[in-house]
Structures are given as structure tokens and as C-alpha cells.
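User: I would like to learn how to read a few features of a protein model. Where should I start?
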Amino acid sequence: MPRLSIEVQGVVQGVGFRPFVYRIALARKLVGWVRNRPDGVEIEVQGGEAALDDFLRALRDEKPAPARIHAISSRMIEDHSTESVFTIRASGDSIATRPSVPADLAICSDCAVEMDTPEERRYHYPFTNCTYCGPRYSIIAGLPYDRPRTAMHTFPLCEACEAQYRDPSDRRFHAQPIACPVCGPKVSLKDANGVLRAEGEAALQAAAAELKSGRVLAMKGLGGYQLLADATSDSAVALLRERKHREEKPFAVMFPDLDSLSRACEVSEAEVVVLQSMEAPILLLASRSGVISEGVAPGNPNLGAFLPYTPLHRLLLGLVGRPLVCTSGNLSDEPMCIDDEEALERLGDVADAFLTHNRPVLRPVDDSVGRVEAGALRLLRRARGFAPLPLPVSLEAPVVLAFGGHMKSTITLLTGGQAVVSQHLGDLDSPQGVSLLSGTVDDLLDFFQASPARLACDLHPDYASTRLAEHMAKERGLPLVRVQHHHAHIAACIAELDLRKPALGLAWDGSGYGTDGTVWGGEALLVDGPRYSRHGHLRTFPLPGGERAVREPRRSALGLCWEMLQDDAAAADLFSAVELRPLRRMLELGIHSPRTSSIGRLFDAVAALVGIRVGTGFEGQAAMALEFAATSSKDDGTYGITLDDGVADPTPMLQELLADRRHGTDGASLARRFHASLADLALAFADSAGREDVILTGGCFQNRLLASLCTQKLSNRGFRVRRPALYPPNDGGISLGQAWVAAQWDQQFDLGV
Ligand SMILES: [Zn+2]
Ligand SMILES: [Zn+2]
């Protein structure tokens with residue numbers, strides 16, 4: 001009888017792959033075995049030739065949805081066995097050299113049907129899961145991934161669950177978080193003082209009633225506490241905003257089902273696939289008016305929409321029967337709460353009631369956020385469903401730990417041919433944010449039993465992430481590689497797409513520490529492997545009052561006009577005389593006015609000049625408003641930005657725009673022309689650099705219109721446009737780029753610092 005030896009590489013552990021192999025072998029009456037190996041699974045299988053062919057086909061085509069196969073290789077071997085059955089062999093101890101931590105998965109369709117069926121013992125059970133779905137990363141304490149090392153270790157299995165757990169033909173064979181109403185976690189409803197109000201089904205009913213009457217509910221979800229409110233009620237949304245101290249930043253909305261989601265948003269087939277995938281991220285969709293309260297995403301034509309991804313969400317949304325605002329349980333930009341006591345303390349003034357349960361959440365995992373462009377998913381926030389799945393990297397490198405940036409922070413551990421990027425950790429302005437970052441460092445090092453040989457961080461000396469990296473470098477006597485912010489942005493894209501050729505990278509964002517004492521953000525860098533040189537940049541202008549300009553776009557307008565026109569009259573009327581005097585003084589004396597080449601600040605300046613937005617509630621709000629205005633316009637004009645010796649001068653653009661404004665051209669057309677002129681600039685940079693591959697990244701390329709205009713212009717001229725997809729173009733991707741650069745660092749080369 002022919003016998004095959006097969007190796008499967010990829011993410012195939014903790015996703016029900018071995019039981020799947022067992023079943024397809026059994027169905028074809030094949031004998032042999034399957035076992036885990038460090039980077040995948042190993043199979044030996046024996047039987048008729050046709051059956052073996054069909055087995056290989058099934059291995060590829062019918063694999064469990066959460067499995068990711070990087071490579072399958074098979075070869076004929078000698079028949080040396082005497083076995084008469086197919087078995088799942090235990091993995092040896094030597095197995096954990098290149099482990100992977102599985103990501104949390106949305107409820108699968110089998111489990112959904114089961115919990116909707118009254119005859120099933122898991123009918124309406126809020127913690128139903130199986131080998132193919134349910135919590136993973138958020139409940140794992142250590143590797144290898146086994147129940148005793150999860151948050152489920154305090155729930156001994158009942159007889160019925162035990163039998164399923166042991167049965168290789170069952171969907172719950174080795175499902176570590178397996179649970180049922182008899183042996184598993186239970187929900188309860190507490191008031192804002194922590195007093196128990198109801199348990200089980202009654203708790204869900206009472207929670208639904210709270211939401212229906214316009215109150216705010218804190219709910220312990222998969223990766224931490226969330227805040228929920230009726231998204232169709234203006235007063236409920238206003239109440240949540242007021243209590244959460246979040247004035248205008250858009251909220252995401254969870255819909256009971258696809259039907260209700262389609263009534264509120266335009267959704268394509270490709271978007272439906274992503275919404276219903278096991279990652280089930282929040283997707284930014286074009287919203288239809290009239291369904292969701294205006295207060296959910298004021299002035300924003302898009303809505304962050306998603307579907308219930310845990311049994312608990314499904315039950316609650318089913319009872320309420322309306323879309324709900326579903327946002328991280330925190331105050332402004334702090335990390336989300338995972339601990340029950342802490343949640344009561346921190347969210348007691350925000351929520352009227354707490355829907356909670358007794359399964360601990362071991363680490364906060366936020367919802368991922370993305371957008372589908374030209375059929376492909378692009379993530380803006382990478383967390384639940386994606387983190388901490390590894391990215392294969394083709395580098396022979398020492399173990400590197402990279403600490404990331406300051407906003408939207410992540411860390412990256414590069415080890416054993418893979419880069420593990422943490423979940424989105426949020427901003428590092430609060431002590432909670434910093435302690436989450438350092439906890440995540442311990443977490444990843446512990447999971448992978450890794451000991452870094454070098455560390456990486458940003459050039460910015462004042463980032464909390466830089467200080468943590470410096471501390472660890474000193475403590476452990478390790479080299480610390482400081483990677484320039486925009487270089488890291490571009491390197492992250494190179495790492496993700498495994499680009500080998502020298503390329504031009506356009507990294508456009510709000511701000512990053514430059515090597516020349518200015519604040520960078522409109523950069524054109526030539527990259528060759530881990531090295532870069534600065535090919536060009538936006539002409540710099542001063543920001544009166546520095547950081548304050550981020551929250552006050554009119555300050556960027558003042559600095560821009562001052563510099564480019566030597567006349568600030570066009571921006572001066574955005575200020576009162578009392579406000580203006582000290583700012584002009586700063587500009588005259590050149591004090592408290594850092595110079596920047598930031599395209600993000602250019603966006604702010606233009607938004608203020610166009611009259612679209614003067615103040616701002618959150619970073620990027622003015623730029624977003626400008627994008628939305630431009631998107632609504634069909635104007636095909638453009639303005640001049642000259643490129644001379646690498647310096648992009650927006651003076652002609654500014655003059656033409658102000659002339660148009662005087663002539664009464666509408667704001668949307670001005671905004672559109674501004675976008676078009678930036679796309680022309682991208683093309684001018686590419687022409688002057690002469691590299692076929694052009695990378696577009698940085699926070700500005702979250703702007704869908706800018707990205708598509710630049711892509712069109714560049715592709716039409718024959719350039720190959722490269723953009724990050726599953727690692728965000730914003731600062732969430734910084735740690736990946738840092739790790740990739742630092743991995744190749746040696747004493748010989750200068751990082752330009
Ligand atoms: Zn399932
Ligand atoms: Zn049970």
C-alpha cells in the first residue's frame with residue numbers, strides 16, 4: 001500500500017486541525033497518524049492511491065476556517081508500519097520551539113444554530129464555543145494552549161462536556177474553552193454599585209430592558225468591558241457621550257443581524273464576507289441616513305458597523321432587537337477595563353448597569369477596525385481576530401523586541417522567522433496605557449519563551465515606549481536601535497508584503513521625530529533593505545505653540561501662511577485679537593514654534609482656511625472633514641505644489657486656493673483640488689526618484705480619497721503602488737517596521753541618525 005509523509009506549515013494549532021485530519025483520514029479508510037510539530041503538523045497516511053489523492057485534496061480544500069496554511073509538502077515513503085487505525089499522536093515536549101498563539105474567533109455557524117435550538121443543552125447558553133470558534137488569546141495564560149493554562153481552569157468539565165472533549169469525531173474535541181450551562185461560566189447583572197440584580201437568562205432580560213429604556217450598559221465582552229447604548233436613540237447616545245467625555249469621535253454600532261445592518265449601511269458582497277468572517281471586525285461602511293442617531297458619527301458619511309461575534313452579544317442584541325452603540329469600556333483614550341472591580345470603579349459613573357460573568361479576561365483585546373477597498377480588507381486597527389497571529393518574515397535574525405510609537409501603540413516580537421505584532425494597545429498618555437504596554441512585553445516574551453538580543457524604539461526621546469525600551473536595554477545590557485518614525489512606517493509595509501527591491505516610500509502623517517531637529521510628516525524616503533535616505537519632503541513651516549496645533553488646526557493655518565506667504569492675513573481672522581498677539585510673537589521670535597514638514601498639519605491648515613473646521617475634538621478630525629467634503633465634490637481641478645531639489649513647496653497651491661476662496665468657490669471643490677494636488681505631488685516624487693515600487697503609508701493614507709487618487713496617478717504612469725493591508729498604515733504598524741529594521745542592523749550601517 002502506498003504511504004505518504006506530509007508536512008503542513010502555518011497556523012494549524014489550536015484551530016482543530018488535527019481532529020480535522022483524523023476525520024478526513026477516517027472517512028477515506030486510511031491508516032496512519034498526525035501530530036503537532038514546531039511549525040505545523042506532520043502526517044503519515046497510508047491506503048489506496050485514489051483515497052490518498054483525495055485526502056490531499058481535502059487537506060487543502062476543506063481545512064477548518066481558522067487554519068492558515070503557509071505550505072504543504074508530501075512525499076512517498078517506505079511502508080514500514082503495522083498500524084490498523086488512524087491516530088492522533090501526542091506532541092512531544094520538544095514541540096514548543098516556534099509556537100503560535102491563536103487569535104480569538106467569532107462564533108461559528110454550527111454553534112450559532114446549536115444555541116438557537118431549544119432541544120440542545122446549550123440552548124441560549126452565552127459561552128457556547130467549539131474547536132473552530134470562541135475565545136483564545138483573551139483567555140490564554142501560557143503555552144502550550146491547554147485548558148489548565150486558560151481562564152477556564154477553574155471550571156471543571158461536567159461528564160457530558162468531558163465526553164465531547166475526548167471524542168476525536170466531535171466538533172469539541174480538545175476545544176479548550178468548552179463549557180455548558182452545567183459546568184461553565186454564568187452571567188449576572190449588577191447595578192452601578194456592584195449589587196447583584198439578576199442572574200442567567202433573567203440578567204440578560206433585565207440588561208435588554210435597560211438598553212431599551214435608553215440607559216447605558218457596561219458589558220463584559222470577549223476582550224474586556226464594552227459600553228452599550230441604543231444607537232437609534234438620540235438621548236441614549238448623548239448620555240453616553242456626556243458620561244464618557246467623548247464629544248464627537250464616532251462610535252461603532254453592532255447590529256442584531258445582516259438585515260438590520262443593510263438597512264443602515266451600504267454593504268457589498270465582499271464586505272458581507274468580512275463582516276461574517278471568523279475575525280468579524282468593525283468595517284467602515286457608507287451609512288444610509290435615518291436609521292442610526294446622528295449623534296453616533298456626527299458629520300461623518302461612514303459608520304463603523306459590525307455583527308455580534310460572541311454568543312453573549314448575539315443573545316443580548318436578539319433581545320433588544322435594535323442596533324447598539326458598542327464601544328470600548330474606558331474613559332477617553334485609556335485602555336479598556338478587563339477586571340470586574342476596576343470596571344465598577346472606573347465605569348461606575350458611566351454605566352447604569354453591568355452585565356458581567358465569572359470567566360476572567362486575561363488581557364484586553366479591542367475590536368479590530370478595517371475597510372474593504374477594491375475587494376481587499378485593509379485594517380486601521382489590528383486586534384481581535386488578528387492579533388497575535390504571526391507574520392512570516394524571511395530574515396535570519398536575532399530575537400528583536402520593538403516598542404512602537406506613542407499613539408495607537410503596539411509592540412512586536414521578532415523571533416524564529418516570524419514577527420508577532422501585539423494587539424492594538426491604545427495611546428500611552430495615561431499610566432494605564434503605559435502599564436498595559438509593559439505588561440504586554442512580559443506577556444509576549446513569556447508566551448514565546450524569548451529573550452531578546454536587541455531592542456528597538458522610536459527616535460523620539462519623550463515617548464513612554466522609548467523610555468521603557470531604554471530601561472530594559474540598560475537593565476539587560478542590550479543594544480537599542482532607534483528607528484526613525486517614517487522609516488519604520490515604510491519598513492512595516494516592506495515586512496508585510498515581503499518587498500525585496502529598493503523602493504520609494506511616501507510616509508505622510510501627523511508627526512514623527514526627524515533627524516534634523518524638525519518634526520517630520522511629509523516624507524519621501526528611498527529605502528534599500530533596512531537602509532534609507534531622505535529623498536524629499538514638504539517644505540517646513542512653524543507651528544505656533546507646538547503640540548497645541550494638533551487640537552487647533554487654525555494654528556497650522558497661521559504658521560503655513562506666515563511661512564509661505566509672509567502674510568498671515570488669510571488665517572488671522574480665525575483668531576480674536578487677544579489670541580493672535582502671542583502667536584504672532586512666537587512666530588516672529590521663532591520660539592515655541594517647532595518647524596514641521598507634516599502633511600497631516602497641512603491638511604489641518606487647509607481645512608481651517610477652507611472654513612471646514614476650525615476647532616477639533618480629536619486628532620485627524622479636521623482632515624477627515626476635509627476628506628468627506630472632497631469626496632462629495634466632482635471637481636477635477638488641481639493646484640500647484642512645486643518640487644525643487646526634493647523640497648515640495650505648497651506656496652502656489654496656497655495662493656491659488658485662497659484666490660478661489662475669495663472668488664466664492666465652494667469648500668468641497670477647494671478640498672477636492674487640494675487632494676488632487678497632493679496626488680500630483682506623489683507622482684512628482686515618484687518621477688524624480690525613478691523607483692518602480694512606490695509605498696504609500698502613514699496615517700494620512702487612511703484617507704480613502706487621497707489613497708485612491710495617488711494610486712490612480714501612480715499606476716497610470718506605470719509605478720507599482722504598495723500599501724499595507726493587515727498592519728495599519730497609522731502608528732499601529734510602527735513596531736513592526738522597527739523590528740524589521742533592527743533585525744538587520746549592524747555596526748556597519750548608519751540609520752541616518
Ligand atoms: Zn463553534
Ligand atoms: Zn458541561
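Analyst: Start with burial: a residue is buried under 20% relative accessible area, exposed over 50%, and partly exposed in between (1.4 Å probe, protein chains only). Helices (H or I, at least four residues) and strands (E, at least two) are DSSP runs, numbered from the N terminus. This is a predicted model, in which local features need pLDDT of at least 70, side-chain atom pairs count only at pLDDT 80 or more, and totals for chains, interfaces and linings use all residues. Residues are numbered from 1 along each chain, chains are lettered from A and ligands numbered from 1 as written, and side-chain values use heavy atoms, without hydrogens and water.

User: Which residues are buried in helix 4?
Analyst: Cys161, Gln164 and Tyr165 are.

User: What are the protein donors of the zinc ion (ligand 2)?
Analyst: Donors are N, O and S atoms within 2.8 Å of the metal (3.2 Å for Na, K and Ca); water is not among the atoms, so sites may look incomplete. Here the SG atoms of Cys158, Cys161, Cys180 and Cys183 lie 2.2 to 2.4 Å from the zinc ion. The spacing in sequence is C-x2-C-x18-C-x2-C. Cysteine 158 is in the loop between helix 3 (109-116) and helix 4 (159-166), and cysteine 180 in the loop between helix 4 and strand 6 (187-191), so the pair ties together parts 22 residues apart in sequence. Both cysteine 158 and cysteine 180 are buried.
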